Every structure is written in C-alpha cells, then in structure tokens.
Amino acid sequence: MLGGAGVLLGVAAAPAQAAEVSYATECIPPAISGLPPVQGTTKVEITAPAEAKVGDEVEIVWKFVQAASQNPNILDLDANTVQPTGTLKAAGAQTADIAMQGPRENPPIPKNTDMKLSDMKGKLKLTAPGEVTLAPGAYNINVNKPISTDTKCTPKETVKPAATIKVTGGGGGPGGTTGGLPTVVPTLPTSVPTGLPTGSSSPDPTPSESETGGDAGGSGTGGGDGGQTDFTGKEVQVPYKCKTPIGDKEATSPVQINAKKDGGSFGLTVRFKKSVMDSPADIPKDSVKPSTEVALGGADKGTVHVEGPTNSEDIKSGEPIEIPDLTGTYKPGASGESTLSPGVLTIKALGTTTTCTPAKSEVSLTLDTSEQASGASGGGSAGGSAGGSAGGSSTDGGLAATGAEDSGSLKALGLVAGTALLLGGAVFTFMPRRRTR
C-alpha cells in the first residue's frame, strides 16, 4: 500500500495544466445542405501534464468551450447524436499529429442554441527531451440522425499553443526521434463530399433486338402491326425543376419509356439512364422509393403511375444515387395514336418527399392504342390532374404514406447535423441511373 502511495505521489508531482485558446474557423457544410462555408470562432481548452519523461505516454484532453456556430432554427437535435473528432498538433522537441475523439454524448440541443460537443481525448508517446507544445487544429462534427453526415472545420489562422509539456530524459523511450504517433488512433468518419454533381455515369446499353422486337425507332404500332408486342422508346433529355423541403434544385436526366403489349394493355418500363448527383451522405437500404407519372398525349389523355423498388443496398457517401427501372400498366382510354412522355418524378426517402417537374418534356414513345373499358382517357385525369386516379394510373403497389405532408418531417432530412454548417438543405434532388451489374 505504501509503495502504491509513493507511485501516486510521484504522478501528482507533475500536475496537469489547462489553457484556453481561440481561433478563427471555417466550417464546410455537408454537400447535401447547399449552404456556403460558415465563418466562426472556436474556443478550446487543452489539458495536459506540465512535465513528463521521454518514454511516457500522456493523455491529452480537448474541451470545446465554444463551437463555431449554434444549432440553427430548423430541427432539435436528439441526445447522443453528435460526435466530434479532431487533430491536435504537437511541435517543438517532437512533432506529431495527435488524433482526438470524443464520445457520442450530448444533451438534447434545441434549435437556436449553442452546440454541446463532448470532450475529446488522445494519447501521445513522448520520444525526445525538451518542450513539446500543443495546439488545436482541424476538427470534424458527425451527426448520425436522421442520416450520417460530417462537417469539416479548419483553422483560418495560425493557432497559438494552448499547452506545453516539459519533457525530461528517461530510459523507457526511443529518444531523439521525432514524429511520434499516438498509441490510440481513433478512426475519423468519412467526410461528405462537397463537390458538385458529377453526372459521369454511363448510360445503360440499348436493349437488344430480341428484347425490343427489332423496333428501336422511338415508336411502335399495336393492334394492326402484325403481332408486334415490344416497343422501344427513344431516349429524351428531361430538364427537371425539383422542390425539396429546404430549397429548389435543377437537374437533367436522359429518360426512356419502353412498352410491352399484353392484350389491350401495355406494361411500361421507364428508365433513367444517368445519375446526375453523387450521394452526399450514407443512406441506409430500403430508404429511397422512386416513382414517376408518364404523361399521355395524342389520342389519349391522363397519366400512368409507374414506380420502382426501394434501394436494396446501402448507398455510401460519394456513390451515384441510382433509380432502378420504374414499372406500371397502361390501359388505353382511347383509340388512335397515343404518345407517352416523362412526367413528374417523386422521390420519397426517410419520411421526406422531393418532387421534380419537367421544365419541358419530349415524346419518348408513340403507340397505336385501342380503347379499353375504364381506360386512361377522360374523367378527372385529363392533363394528368388526377395524378393517377384514373385508368392507367391505377397500378398495384401504390406508395405507402410516409408522413411527408408534415412540414416538420420534410425538414428532418434536410437537417443532418448540429450546427449551421451541419444543416441539410437539398434533400436528394437526383435523377439517378440504373446500376450496371
């Protein structure tokens, strides 16, 4: 017991020191936010031993006295959803980048209140005698609900040291070397890309002749066509204007409408040929539900509702957001030449809805149709106003209610982090391509 007490007294002989430093900071919001960089001031208190020996491994604590910004007036952040990580710079007798990490522990953070970030800790193995200074550097704030996003904060000035460790010679360390690394290196979260949409994916191959019945001209004939059943539409460029919970976005996607005749009706497949946006954050599987309305013209009037399955795999940050084939059944309401054009695209994800309306739309497919009972023509669906209430819009498997009518829920996906810089703004405004398997 006396021996143990002697050890404790020896440790107490080199008490910890704490010092505060403040510095100008620029924080880059997640790409999903659409927000510009945020300028603010970070205040940090660094706690470290005043003295230690070569070979010692010392623990250092980074305390946020003030984060760069408040939680904005969008959404209350739940408890235990915010986690900070960062880099502490060691200089002087020893240089090192010390990885710091705090637990995901925070009280509820209401809108328009100060951010509450947990204390970060890291360890440094001392390798050389002399004075080692410690200065805070860049840090990252991760919020894991409603989806995981990161905000990167970087000093915009030279940060003064907040603490100094006086290192004396010792027999336990390698001595004389520089660039010592911490023995505990927490894994930093993957950053959210802040670049512009890439739109670099390649279009799907054109269906083979066996799939299309040999017709690749953008139109087909039914009824008196000698038995043709497969019809391939032409690819048209559709400029969309998208309404998101936070703001408006614009994007263009190539779209193709194909049809397969089944009796007097047609099975439709709508293909989005190219992704125009990479995912700004990790999106879990079964979270994205796409659908669109096919606008009818010519002899027929109304719309046909088609939809696709939810995403079968997680979508990682930086990957193209993709839409699978959207399918539905078109029951003609008139006889004659009927045209099919891409209409309104709807994307439901995590309780929110983004609606994209074509600024203009070209005809992708023309069909010779024969009127069917309870078909698409006439009634309240003229011009597509019924949005799927008539004939061709009555396909099975309609979208379940997701609470998107609730404006608070609509904003939830927009906000994906805990400061103005963590604010989500652009919910997923995308016209993704099919994944090429």
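A nonpolar core is a set of buried Ala, Val, Leu, Ile, Met, Phe, Trp, Tyr and Cys residues joined through side-chain atoms within 4.5 Å. Here buried means under 20% relative accessible area, exposed means over 50%, and partly exposed lies in between, with a 1.4 Å probe and protein chains only.

The model is predicted: local features need pLDDT of at least 70 and side-chain atom pairs count only at pLDDT 80 or more, while totals for chains, interfaces and linings use all residues. Residues are numbered from 1 along each chain as its sequence is written, and side-chain values use heavy atoms, with hydrogens and water left out.

**The cores**

The largest nonpolar core holds 39 residues, of which I46, I60, W62, L124 and L134 touch the most other members. Among the elements that give two or more residues to this core are strand 1 (16-28), strand 2 (38-49) and strand 4 (57-66). Strand 10 gives the most to this core, namely six residues. Strands are DSSP runs (E, at least two residues), numbered from the N terminus. Another core, of 30 residues, lies apart from the largest one and includes Y240, V255, L340 and A376.

**Aromatic pairs**

Rings of Phe, Tyr and Trp (its six-membered ring) pair if their centres lie within 6.5 Å; planes under 30 degrees apart count as stacked, over 60 as edge-to-face and the rest as tilted. The structure holds six such aromatic pairs, and two of them are set out below.

| Pair | Centre to centre | Angle between planes | Class |
|---|---|---|---|
| W62 and F64 | 5.7 Å | 45° | tilted |
| F266 and Y330 | 6.1 Å | 25° | stacked |

F266 belongs to strand 16 (residues 265-272) and Y330 to strand 19 (residues 326-330), so their pair ties together parts that are 64 residues apart in sequence. F266 counts as buried because its relative accessibility is 1%, and Y330 is likewise buried, at 0%. W62 is buried at 0% relative accessibility, and F64 is buried at 9%. Ring pairs also link W62 and F64 with Y139 into a cluster.

Where does T292 lie? It is found in strand 17 (residues 288-298). With 3% relative accessibility, T292 counts as buried. Beyond its neighbours within four places in sequence, T292 is in contact (heavy atoms within 4.5 Å) with residues including V270, V304, L326 and V344. A polar atom of the T292 side chain lies 2.8 Å from the backbone oxygen of V344. The C-alpha atoms of T292 and G328 are separated by 9.9 Å, although these residues are 36 apart along the chain.

Technical notes: Helices (H or I, at least four residues) and strands (E, at least two) are DSSP runs, numbered from the N terminus. A polar contact is a pair of N or O atoms within 3.5 Å; within protein, one must be able to donate a hydrogen and the other to accept it, and residues adjacent in sequence count only if both atoms are side-chain atoms.
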